[in-house]
Amino acid sequence: PSQTPAAFSWLVVAGRHARVSIAATALRFAQTPTVLRKNLSGVIAFRQPDPEDAAALARRMAGGISAAELQTLPDFHFVEWAPGSGAIRRTPLPLRT
């Protein structure tokens, strides 16, 4: 986060006004650039074994789910979050064979 390239920061902030969509993936939420974390319009999160990451995500989701819940999500279950809808617990999608 402390070494975020200026061009990426500009894209996140200015690009939002130009309707530029950014899809980002990360292993550790707490280590994603602050400018990205502060401008999220949605999150899909699977189990977070790291307490720091679980706590950071729980804070960002504004109380919609606890850090403990994020740390104990079953395999393939996830949480979908958006500012307007809050945190929604989701089960795995069925496989079609």
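## Ground rules

Helices here are DSSP runs of H or I with at least four residues, strands are runs of E with at least two, and both are numbered from the N terminus. The model is a predicted one, so local features need pLDDT of at least 70 and side-chain atom pairs count only at pLDDT 80 or more, while totals for chains, interfaces and linings use all residues. Residues are numbered from 1 along each chain as its sequence is written, and side-chain values use heavy atoms, with hydrogens and water left out.

## The chain at a glance

By that count, the chain has four helices and three strands. Reading from the N terminus, the elements go α-α-β-α-α-β-β.

Of the 97 residues in the chain, 27% are buried (buried means under 20% relative accessible area, exposed over 50%, and partly exposed in between, with a 1.4 Å probe and protein chains only). As for contacts (heavy atoms within 4.5 Å), take those between residues at least 6 apart in sequence: 45% of them join residues at least 24 apart.

## Surface and charge

The accessible surface of the chain comes to about 6,900 Å² (Shrake-Rupley method, 1.4 Å probe; for residues, only the protein chains shown count as cover). Carbon and sulfur atoms own 58% of that surface.

On the charge side, there are 11 positive and 6 negative side chains (Lys and Arg count as positive, Asp and Glu as negative, and His and the chain ends are not counted). The centres of the two sets sit 10 Å apart, with each charge placed at NZ of Lys, CZ of Arg, CG of Asp or CD of Glu.

## The sheet

The three strands form an open sheet in the order β1-β2-β3, and the pairing is antiparallel (two strands pair if DSSP finds at least two bridges between them). β1 (43-45) and β3 (86-90) are at the edges with a single partner strand each, so one side of each has no neighbour in the sheet. On average, neighbouring strands of this sheet are turned by 20° against each other, direction ignored (axes are lines fitted to C-alpha atoms, for helices over the stretch in contact, and angles run from 0 to 180 degrees between N-to-C directions).

On the β3 side, E80 has I88 as its bridge partner. Strand β2 (residues 78-82) is joined to β3 by five bridges, again antiparallel, and A82 stands opposite G86 in β3. The link from β2 to β3 is a hairpin through three residues.

## A buried glutamine in a loop

Q48 is in the loop between β1 and α3 (51-60). Its relative accessibility is 12%, so Q48 counts as buried. Skip the neighbours within four places in sequence, and Q48 is in contact with D53, A54, L57, L70 and Q71.

## Exposed loop residues

Most residues other than glycine have a negative phi. You'll find R19 in the loop between α1 (6-17) and α2 (34-38), and at 79% relative accessibility R19 counts as exposed. F76 also has a positive phi, near 70°, without being a glycine. F76 belongs to the loop between α4 (67-71) and β2, and its relative accessibility of 65% makes F76 exposed.

Back in the loop between α1 and α2, there is also A23. This residue is exposed, with a relative accessible area of 83%. A23 and L40 are 17 residues apart in sequence, and their C-alpha atoms are 10.0 Å apart in space.
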